[in-house]
Amino acid sequence: MSLFHHSSMESEASWWLQFLHASLYFLIFSLTIIFSLFILFYYVRPRFWCNCEVCHTYITSGWSLQFHNLCDWYTHLLRNSPTQTIDIHVLGNTITANPNNVEYMLKTRFDNFPKGKPFSTILGDLLGRGIFNVDGELWKFQRKMASLELGRISMRSYAFEVVMCETERRLMPLLASVASKNNSNVLDLQDVFRRFSFDTICKFSFGLDPKCLELSLPISEFAISFDLASKLSAERAMIASPIIWKIKRMLNIGSEKKLSEAIKMINILAQEVIRQKHKAGFSDQKDLLSRFMGTVSDVKYLRDIVISFLLAGRDTVASSLTSLFWLLSTHPEVETAILHEIDRVLGPNEDLVNFDQMRELHYLQAVIYESMRLLPPIQFDSKFCLDDDVLPDGTFVKKGRRVTYHPYAMGRMEGIWGPDCLEFKPERWLKDGVFFQENPFKYPVFQAGLRVCLGKEMALVELKCVAISFLRRFKIELAAPHRTPRFSPGLTATFSGGLPVLVRERRG
Ligand code: HEM
């Protein structure tokens, strides 16, 4: 009986305990919901409350009825704005194509327009404390160290050596093999250039050769992980609120799980390369990593520094090569003029043998600048305003607001380039046959001011080497000649559907 009584008391107590637990859970659950709704309401509210025509067109994707790409619609808005600056309220983003504003952000008030926390959080897992992802002292230290190393003559000749080797030993044999197949000589040039630029940037930065452009076009696990990690990191920026991906990351589910696995793979490889270099000695090696190892000993920091170079120098180069060859295939007169200049400067049957010969190719340099004016690899770039500010055109910018300069739109502004701004005219870069550099704030393709791209010279070497070897030996024809480029969303401009071309030997 007592036993029964005791157990009934026990069960009553346990019932109360369960009830208390359930109530507590319910309370916590309700509070979490209320708190999340409050956060969501607080951050997202201004976005959904704007009913202006521009925001409405953005939310409903109404722009796609008239324009192929979002950047074309922004260009249209910027061309029609009296200040060449617009506000997309739903995105909390001020976008400008006004060179005075660009100079103000990137030089005059550089300290008030850092990359900012929202950007560094998005890329933080992949890039860590690497130069591309930090501000302040961390950035200053890496910038100084990298500028010193990249400015050395030995570094330039190493870059030239790496690029020439990849061009002559991999790219040319691959093109020759495709051209020799009479019925199946179609090749996706964008894919080829992505492989080319990955091999070169890995060799240049790491001293590691992933061999992506071997004849069999092998699949490199490192390239796959790197692609996936950059793609998924960029996709974080496209989600309406960062809370969503942060929760997914916390729970390690979906795209965040894949991202973390890809980053793990990159880390294993990077750490292995660093370990082997420590073991074998790095003082006589020419790649960037070995040079940085003389100053930095922290393995994780070294990994971060080098991964930034991979991200900065891979897709940008592939994108610029793809656009260049697309424009050349639709402007045969420009291609002919390039070939004449190469023959005149190098000699009709002479190969390119050193870095200095490229400096004399003024027309080729003009073509490259002109192609990136119309199709910049980085179409827009954002900063976050630290304290309330006013741009030179009178636009007020509130603390914490995103401000974006838009090289793609800037290349299409009549006020900057004149009434023929939409035409592909390399001559606009030449004065008496000599290339002249425009004001970089009118042409921020490599950014400008204090954080201007560190790999510009390397990129120009890659573009020129490929153009010279490729055009002298092969002709291409677009496999889909009437298709206008559509860009895939991402950090760098990529042609959706690639660039399929037919390849033929020029003197075949
Ligand atoms: C055509 C090719 C290229 C273009 C159009 C380009 C463009 C740019 C742009 C717009 C930025 C500024 C990004 C930002 O701060 O948000 C940048 C930064 C940078 N680029 Fe390039 N880039 C190219 C190739 C390269 C290459 C090949 C390398 C490496 C060898 C490289 C290394 C860097 C680095 C390290 C930064 C960060 C500089 C800093 O924050 O101080 N880039 N680039």
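Modeller: Begin with contacts: two residues are in contact if their C-beta atoms, placed from the backbone, lie within 7 Å. In this chain, residues 24 or more positions apart account for 73% of the contacts with a separation of 6 or more. Please note that this is a predicted model, in which local features need pLDDT of at least 70 and side-chain atom pairs count only at pLDDT 80 or more, while totals for chains, interfaces and linings use all residues. Residues are numbered from 1 along each chain as its sequence is written.

Biologist: How many helices and strands does the chain have?

Modeller: Helices (H or I, at least four residues) and strands (E, at least two) are DSSP runs, numbered from the N terminus. By that rule the chain has 19 helices and 13 strands. Its C-alpha trace spans about 110 × 60 × 50 Å along the principal axes.

Biologist: What percentage of the residues in the chain is buried?

Modeller: A residue is buried if 20 or more other C-beta atoms lie within 10 Å of its own, exposed if 12 or fewer, and partly exposed in between, with C-beta atoms placed from the backbone. Of the 508 residues here, 36% are buried.

Biologist: Which residues come nearest to the ligand?

Modeller: A residue is near a molecule if its C-beta atom, placed from the backbone, lies within 6 Å of it. There are 22 residues around the ligand, and Ala312, Gly313, Thr316, Cys453 and Gly455 come nearest. The elements that give two or more residues to this shell are α13 (299-329) and α19 (456-473). Helix α13 gives the most, with seven residues.

Biologist: How do the residues of the shell around the ligand divide into nonpolar, polar and charged?

Modeller: Ala, Val, Leu, Ile, Met, Phe, Trp, Tyr, Cys and Pro count as nonpolar, Asp, Glu, Lys and Arg as charged, and the others, Gly among them, as polar. The shell holds 13 nonpolar, six polar and three charged residues.

Biologist: At roughly what angle do the axes of α13 and α19 cross?

Modeller: Axes are lines fitted to C-alpha atoms, for helices over the stretch in contact, and angles run from 0 to 180 degrees between N-to-C directions. The axes of α13 and α19 come within 10 Å and cross at roughly 40°. A crossing is left-handed if the near helix is turned anticlockwise from the far one by less than a right angle, and right-handed if clockwise. Helix α13 passes α19 in a right-handed crossing. Gly313, Thr316, Val317, Ser320, Leu321 and Leu324 in α13 meet Met458, Ala459, Glu462, Leu463, Val466 and Ala467 in α19. By class, this contact has eight nonpolar, three polar and one charged residues.

Biologist: How far apart are the axes of α8 and α13?

Modeller: The axes of α8 (residues 189-206) and α13 are 8 Å apart, and the two helices pack at an angle of about 145°. Their crossing is right-handed. The contact includes Phe193 and Phe198 of α8, and Gly313 and Val317 of α13. Its residues divide into 13 nonpolar, five polar and two charged.

Biologist: Is aspartate 389 exposed, partly exposed or buried, and why?

Modeller: Aspartate 389 counts as partly exposed because it has 18 C-beta neighbours inside 10 Å. Its place is in strand β5 (residues 389-390). Leaving aside its neighbours within four places in sequence, aspartate 389 is in contact with Arg109, Asn112 and Val397. Asparagine 112 is 277 residues away along the chain, yet the two C-alpha atoms are separated by 8.3 Å.
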